[in-house]
Amino acid sequence: MNAPRLPRPAAPMTLPPLIGRLGGKLPLLPGAALLATGLNLALRPALPADVRAALQERHLRIRVLDAGLAFDVAWQGNRFVPRAHGAVPDLDIAANAADLLALMRRETDPDTLFFGRRLSMQGDTELGLLVKNTLDALELTLPDLHPLALLRWLRDSRSGFRQTN
């Protein structure tokens with residue numbers, strides 16, 4: 001008699017290799033500017049003063065492994081700004097697109113991905129813990145990725161952003 005088979009864990013979703021090859025050829029600064037804008041819209045209003053102080057001039061790199069992309073940003077003054085992709089970052093966070101999206105939408109937690117070797121954080125350990133704990137503590141509502149829902153979210157975020165400045 002055969003023992004019952006346990007289901008295999010689902011393989012992490014990845015983008016097709018062609019996307020990674022194309023992504024690796026794109027200029028990095030426009031993407032970093034988009035990421036900085038997104039972080040300013042989504043995170044900036046909710047960041048406590050002590051976190052803003054700890055992030056001051058710290059260089060963060062977010063790598064989307066299966067897309068072949070890397071975006072560098074830093075907290076400067078009172079906002080995230082794009083950084084040139086040359087210097088060694090203080091903190092390098094890397095995962096596949098699906099895992100980063102699941103993190104942002106709170107469908108999975110970073111510890112699960114980290115211990116499953118699907119998320120890496122390299123560099124300043126204290127900064128990594130600050131980023132992780134801050135994101136865990138924030139109550140963020142991220143938009144549906146449908147273009148109309150995204151535009152509605154951006155419109156609503158902009159009006160709230162103007163009121164807090």
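Contact, for what follows, means heavy atoms within 4.5 Å. Helices (H or I, at least four residues) and strands (E, at least two) are DSSP runs, numbered from the N terminus.

Okay, ground rules. This is a predicted model, where local features need pLDDT of at least 70, side-chain atom pairs count only at pLDDT 80 or more, and totals for chains, interfaces and linings use all residues. Residues are numbered from 1 along each chain as its sequence is written, and side-chain values use heavy atoms, with hydrogens and water left out.

So, the sheet. We've got five strands in an open sheet, ordered β3-β2-β1-β4-β5, and the pairing is mixed; two strands pair if DSSP finds at least two bridges between them. At the edges sit β3 (79–82) and β5 (119–123), each pairing on one side only. From one strand to the next, the twist averages 25°. Look at β1 (residues 59–64) and β4 (residues 91–95): they run parallel, joined by five bridges, and Ile 62 is opposite Ile 93 in β4.

Now the helices. α4 (residues 97–104) lies across β1, β4 and β5, at about 120° to β1. α6 (residues 125–137) lies across β1, β4 and β5 too, at about 55° to β4. Those angles run from 0 to 180 degrees between N-to-C directions, with axes being lines fitted to C-alpha atoms, for helices over the stretch in contact.

Which residues of α4 are buried? Asp 99, Leu 100, Ala 102 and Leu 103, buried being under 20% relative accessible area (1.4 Å probe, protein chains only). They're on the same side of α4, because they cover an arc of only 160° around the axis, taking directions from the helix axis to the C-beta atoms. These buried residues pack against β1, β4, α5 (110–115) and β5.

Last one: after α4 comes Arg 106, with a positive phi near 60°.

Definitions and conventions: Buried < 20%, exposed > 50% of the residue type's maximum accessible area, 1.4 Å probe, protein only.
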